[in-house]
Amino acid sequence: MTEPSQPAAAAPSQLFAYAPAPESRAVVDLAPSYGLFIDGEFREAASGKTFTTLSPATEEVLSEVAYGGEEDVEAAVRAARAAFGPWSALPGTERAKYLFRIARIIQERSRELAVLETLDNGKPIRETRDADLPLVAAHFFYHAGWADKLSWAGLGPDPRPLGVAAQVIPWNFPLLMLAWKIAPALATGNTVVLKPAETTPLSALFFADICRQAGLPEGVVNIVPGDGATGAALVAHPDVAKVAFTGSTAVGRQIARTVAGTDKRLTLELGGKGANIVFDDAPLDQAVEGIVNGIFFNQGQVCCAGSRLLVQESVHDEVLDALKRRLATLRVGDPLDKNTDVGAINSAEQLARISELADSGEQEGAERWSAPCELPERGYWFAPTVFTGVGQAHRIAREEIFGPVLSVLTFRTPDEAVAKANNTPYGLSAGIWTEKGSRILMMADRLRAGVVWANTFNKFDPASPFGGYKESGYGREGGRHGLEGYLEHA
Amino acid sequence: MSTPENTSGTRGGARLSVLKTYKLYIGGKFPRSESGRVYEVTDAEGQWLANAPLGSRKDARDAVVAARKAFPGWSGATAYNRGQILYRVAEMLEGRREQFAAEVAAAEGLSQDRARALADAAVDRWVWYAGWSDKIAQVLGGANPVAGPFFNLSTPEPTGVVAVLAPQRCSLLGLVSVLAPVIVTGNTAVLVTSRTAPLPALSLAEVLATSDLPGGVVNVLSGDTAQLARPLAAHQDVNAVDLAGAGPELAAELEASAAENLKRVLRPGSGDWSATPGLERMSAFLETKTVWHPVGA
């Protein structure tokens with residue numbers, strides 16, 4: 001790490017450089033190949049096709065995974081359809097116990113899953129260990145308790161499950177998004193065919209093994225890895241009663257079109273361009289931590305990221321100075337290192353998209369600043385970056401970058417902050433930083449976003465409904481509200 | 001073309017009745033259609049009743065502008081205030097029961113008794129929804145027990161501008177059953193009337209205009225359902241569509257078109273408007289907002 005020949009004075013941060021503190025990979029036993037999980041068994045794809053999944057931090061091939069084609073989707077839906085009758089007929093108390101089992105096994109295997117997720121996704125072990133995995137277990141634990149209490153969920157005395165739920169999830173929180181989808185589906189008596197993201201299929205396949213350990217009846221959960229074509233086939237399948245998708249707004253639109261004119265129920269959790277609003281009376285040190293957490297958590301690959309910083313003009317310079325100082329201390333690098341703050345970008349494709357949008361920021365006249373950090377030679381990396389002098393018409397103020405890039409805009413009055421914050425087709429999240437309670441409540445009232453974090457950011461909980469306004473999608477996940485998308489009122 | 005029974009009294013001293021020109025209702029005003037066109041509305045037997053404005057795409061766009069303009073005020077009004085205004089609408093409806101019963105009887109070919117019962121049910125339905133204004137947030141919202149030192153509260157909020165296709169057959173009870181749940185929670189509406197039975201809806205606009213309901217909260221368009229619904233379903237400043245009045249094919253087309261800006265879509269239902277409603281027609285056009293704040297000294 002440190003160059004002995006380098007004078008310490010020239011690089012003060014090097015003086016106190018951390019020694020490497022890698023988490024052991026030995027806890028994960030990776031097989032050279034994985035099959036599809038259909039009807040309680042791992043099997044090869046009907047076509048025999050496979051694809052590889054990489055570690056984005058090193059570009060090392062982790063494993064080969066069977067590619068789900070149309071025939072496989074057909075088989076998975078058939079299995080889920082067959083399992084639906086008995087599963088939905090189980091007393092809620094029995095379904096609950098399966099979910100409790102799953103929650104417990106996830107807790108037992110959480111270190112293994114955290115390391116696996118870090119390998120396949122590229123996010124720091126600190127996050128998978130301290131955020132993803134605890135939330136995954138909590139989601140199953142929370143929803144387990146609902147399974148035998150659905151009559152009290154406000155959906156009538158005897159709400160009914162829908163049938164087979166087709167679930168398509170993204171790569172940014174692979175196992176957590178799986179939990180957000182599968183836990184409520186199973187608790188409400190539906191069966192599942194889930195397609196994990198193409199670049200992060202492994203944790204879903206490990207979850208399949210957990211289902212086996214828990215003795216979950218065959219066909220209740222089916223996992224079909226693949227790409228966009230796999231997802232499209234699944235969503236379009238006529239025996240699917242419910243579609244739940246988390247991902248980009250563009251794909252969400254296509255799915256909404258596919259589902260149009262059918263009886264399928266649909267929930268969509270799509271993109272965002274969250275405004276994080278800092279008033280001049282905010283506790284600035286806390287606000288800076290919140291800004292960092294808002295846009296650099298998970299390398300900014302978060303749909304609810306606070307990707308637009310709206311800072312009151314009078315404290316702009318002070319906030320930006322403090323923010324840059326703080327960003328210079330972020331440790332970017334090996335995701336398995338326990339001291340790493342910012343890991344790898346998930347794929348070459350995503351890195352290209354981030355780079356292209358960041359370049360457009362410069363071309364359109366915003367000022368670019370990146371944290372001084374050395375990026376590893378192999379893998380997909382992007383230094384934490386801040387754009388100042390951003391106008392509302394700039395692409396980096398309008399389009400979701402889905403990366404560690406913050407666009408800074410200013411405002412003078414609360415009205416202007418509201419107008420700028422709401423000036424987006426998205427409406428997923430927003431942040432407010434001020435010491436004034438009445439202003440928090442006024443702002444929270446007027447911001448058109450599904451989740452508003454006041455004097456905090458990027459907090460999640462299975463009991464807290466999550467989802468967007470406008471083009472950020474519809475329906476909610478989590479809490480009592482999340483059950484609505486999986487039940488027929490009766 | 002047949003003529004309506006537009007005389008009253010005995011044959012000898014016949015009095016010619018005053019016919020009403022039915023108009024659109026946009027932004028609190030009663031314009032004729034921008035198209036300058038009308039179409040013939042007949043009763044169930046084919047007798048001419050009136051000429052209704054043939055609303056155009058431009059009228060639909062004007063209505064969306066009016067509804068958007070009215071949204072901040074209406075959604076920002078207190079729930080109590082909205083409830084009072086909606087109850088006022090019911091009071092005005094009550095005073096016009098006979099008129100509505102006559103219009104329903106003519107439109108749907110029903111006996112006076114049956115039409116009167118439907119008009120009464122429509123008033124009662126409106127009263128039922130009016131009372132929800134300051135209760136729905138407690139039923140659908142609440143505190144969430146998160147695992148950390150945070151205050152966490154979910155509240156329902158109106159989606160925005162909702163395009164509502166009124167049921168084609170049930171010209172008053174069906175109409176009230178789709179319109180009231182949209183506006184009681186703070187949404188604003190662009191309502192497309194039944195094509196064949198638009199008169200109760202156009203008369204309802206007169207009730208709304210005299211009930212302290214701010215202009216633009218409800219906008220009423222009569223005309224060809226598909227011609228009006230297409231631009232609304234594709235409109236970038238419409239947040240949701242209620243497809244109650246669309247047949248299966250049109251509904252599928254409109255839903256696909258609504259996907260463009262991810263409008264919330266309520267698909268056509270059973271068409272039984274006599275059943276006691278649940279919360280679904282309200283919750284379909286509500287967003288859940290969840291606010292977090294740390295707890296600490």
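Modeller: Strand β18 of chain A (residues 451-454) pairs with β12(B) in the parallel sense, over three bridges; pairing requires that DSSP find at least two bridges between two strands. Within β12(B), B:T290 is the bridge partner of A:V451. Helices (H or I, at least four residues) and strands (E, at least two) are DSSP runs, numbered from the N terminus.

This is a predicted model, in which local features need pLDDT of at least 70 and side-chain atom pairs count only at pLDDT 80 or more, while totals for chains, interfaces and linings use all residues. Residues are numbered from 1 along each chain as its sequence is written, and chains are lettered from A and ligands numbered from 1 in the order in which they are written.

Between the chains, 27 residues of chain B are in contact with 34 residues of chain A, contact meaning that C-beta atoms, placed from the backbone, lie within 7 Å. On the side of chain B that touches chain A, β6 (150-158), α9 (248-258) and β12 (286-294) of chain B each supply at least two residues. The largest share, eight residues, comes from β12(B).

As for the cores (sets of buried Ala, Val, Leu, Ile, Met, Phe, Trp, Tyr and Cys residues joined through C-beta atoms within 7 Å; buried means that 20 or more other C-beta atoms lie within 10 Å of a residue's own), the largest nonpolar one has 191 residues, and A:L99 and B:W126 are among those with the most contacts inside it. Helix α6 of chain A (residues 174-187) gives the most to this core, with 11 residues.

How values were computed. Buried ≥ 20, exposed ≤ 12 C-beta atoms within 10 Å, placed from the backbone. Contact = placed C-beta atoms within 7 Å.
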